[in-house]
Amino acid sequence: MKKLTYIFAILILSILTISCSSDDDNTPVEINPVEGLIMIYEIEATDHTIQIYSKKPNLEVGYNEISIRVKDLASNQFVSNLSPSWMPMMHMETMEHAAPHSMLTNAEESTVYKGHIVFQMASNATEFWELTLNYNLNGVAKEEVVNIQVIEPIDGLKKTQVFTGSDNTRYVLAYVNPKEPAVAVNNMQAVLYKMETMMSFPVVENYKITVDPRMSGMGNHSSPNNEDLIYNALTKTYDGKLSLTMTGYWKINLKLLNENDEVLKGEDVTEANPESSLFFEIEF
Ligand SMILES: [Cu+2]
């Protein structure tokens, strides 16, 4: 009986294997590597074209996911060995400063280089952002400087905080997820950078951000099962849970704590103190 079961199992397995492999052979999959993204800039250079993509139609103050690819006009192919780097720079009337940004990597699609930039402020009539791109094309080092437009978020909600902590350090904290909040316990994500100089913004590791969402329009009620944002070394983000019990406007009250649990910014929400000085806003 045991032997029979064994043979039967082998039979089932081989049927499954056959059906799987035949599926693979018969359905060619063509994937557009920039599916769902909007090309916001296209720069024509002499022998190549640079394309800059975003999920949103504009670059906004706050966290922006940006993808870049380069087409070699000689081969008419997108290049997968660019080794690119980038530097966002704001030229203000009296000074210049950079912005927190990640590296550009092509881990998911070999010809699409992805990264993020957290813009602290919007462009205006006299002050502007430039993005300098450095990369290799057929063994030749290239540099392209792109004038980019950064606007205030269209929804007018605060999702980026630039502040001085009680340790006298300047920080940039930006909301990342959920991009589409739901009435649920949402996975929440933020990024935290320290302003070392005007040009250098390293990721802050191993701090903690407490989460207290409130509906100020409804007696400032809270929600159960929120989880503090904890540093994730793999993604270099702060990850936790955001519980939203109904649709509407929520102020997500935050506190930033260092590795010794000392509060650097933000306050508890109490009867006497309805909101923290450190917060994000969402509406859905
Ligand atoms: Cu500026």
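Of the contacts in the chain with a separation of 6 or more, 54% join residues 24 or more positions apart. Two residues are in contact if their C-beta atoms, placed from the backbone, lie within 7 Å. This is a predicted model: local features need pLDDT of at least 70, side-chain atom pairs count only at pLDDT 80 or more, and totals for chains, interfaces and linings use all residues. Residues are numbered from 1 along each chain as its sequence is written.

The chain has 21 strands and one helix. Both are DSSP runs, numbered from the N terminus: helices are H or I with at least four residues, strands are E with at least two. The chain holds 284 residues, and 27% of them are buried. Buried means 20 or more other C-beta atoms within 10 Å of the residue's own; exposed means 12 or fewer; partly exposed lies in between.

Strands pair if DSSP finds at least two bridges between them. E6 (residues 85–91) and E10 (residues 128–137) have seven bridges, in the antiparallel sense. Methionine 89 stands opposite glutamate 130 in E10.

Next, find threonine 111. It sits in the loop between strand E8 (105–109) and strand E9 (112–119). Threonine 111 counts as partly exposed because 16 other C-beta atoms lie within 10 Å. Beyond its neighbours within four places in sequence, its contacts include Pro33, Arg69 and Phe78. Lysine 71 is 40 residues from threonine 111 in sequence, yet 9.1 Å away in space, C-alpha to C-alpha.
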